[in-house]
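Visitor: I would like to learn how to read a model like this one, feature by feature. Could you take me through the general idea each time and then the case at hand?

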Amino acid sequence: MYVKPISLSLALAGLLLAGCSSTDKPAAPAAIAPAAAEETSSAAAPSGSCDSAAVASLVGKTANVALVEQAKRQSGAETARVLRPNDVMTMDYNSRRLNIDVNETDVVKQFTCG
């Protein structure tokens, strides 16, 4: 008597819950950047892991699009972001991201990965 409505309800609940399941695939990082700071990504990054020591020679130079691309390429990072004083940033750790810390006049202070 009530078997069909109960079975149908359980099947529907199972389908709804299946839509809430997660996968093991890592999500693509969202490129959320302020208008002044630019986050770039490369389709073919050399290694994908970041090495900030490889770009230490660029400290003291003015940050621009060319320098960001050069630093990303030399460090092996997949993405890069320019961080100015008082910029809002995500606190998630991404080992494939190069952080370029600059001062108020866009001179590079340091490079970090994460």
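Visitor: Among contacts between residues at least 6 apart in sequence, what share joins residues at least 24 apart?

Guide: A contact here means heavy atoms within 4.5 Å. Among contacts in this chain between residues at least 6 apart in sequence, 50% join residues at least 24 apart. Please keep in mind that this is a predicted model, in which local features need pLDDT of at least 70 and side-chain atom pairs count only at pLDDT 80 or more, while totals for chains, interfaces and linings use all residues. Residues are numbered from 1 along each chain as its sequence is written, and side-chain values use heavy atoms, with hydrogens and water left out.

Visitor: Which elements does the chain contain, and in what order do they run?

Guide: Helices (H or I, at least four residues) and strands (E, at least two) are DSSP runs, numbered from the N terminus. This chain has two helices and four strands, and from the N terminus on they follow the order α-β-α-β-β-β.

Visitor: How do the strands β3 and β4 pair, and over how many bridges?

Guide: Two strands count as paired if DSSP finds at least two bridges between them. Strands β3 and β4 pair in the antiparallel sense over five bridges, with L98 having C113 in β4 as its bridge partner. The two strands form a hairpin with five residues between them, and D106 in the turn has a positive phi of about 65°. Strands β2 and β3, by contrast, pair in the parallel sense over five bridges, and there the bridge partner of T79 is R97 in β3.

Visitor: Is β2 enclosed or open to the outside?

Guide: Buried means under 20% relative accessible area, exposed means over 50%, and partly exposed lies in between (1.4 Å probe, protein chains only). In a regular strand the side chains alternate between the two faces of the sheet. Five of the five residues of β2 are buried, so this strand is largely enclosed by the rest of the structure; T79, R81 and L83 are buried on one side, and A80 and V82 on the other.

Visitor: Where do the buried residues of α2 lie around its axis?

Guide: An α-helix has 3.6 residues a turn, so residues three or four places apart point the same way. In α2, the residues L67, V68, A71, K72 and S75 are buried. Seen down the axis of α2, these buried residues fall within an arc of 135° (taken from the directions from the helix axis to the C-beta atoms), so they line one face of the helix. On the other side of α2, A66 and R73 are exposed.

Visitor: Which residues touch the most other members of the largest nonpolar core?

Guide: A nonpolar core is a set of buried Ala, Val, Leu, Ile, Met, Phe, Trp, Tyr and Cys residues joined through side-chain atoms within 4.5 Å. The largest one has 15 residues, of which A71, L98, I100, V108 and F111 touch the most other members. At least two residues of this core come from each of α2 (65-75), β2 (79-83), β3 (97-102) and β4 (108-113). Leaving aside residues up to four places away in sequence, I100 touches several residues, including V68, A71, V82, V108 and F111.

Visitor: Which cysteines form a disulfide?

Guide: A disulfide is a pair of cysteine sulfur atoms within 2.5 Å. C50 and C113 form one, with their sulfur atoms 1.9 Å apart. This pair links distant parts of the chain, 63 residues apart, with C50 in the loop between β1 (39-41) and α2 and C113 in strand β4. The link is left-handed, with -65° about the S-S bond. C50 is buried at 16% relative accessible area, whereas C113, at 23%, counts as partly exposed.
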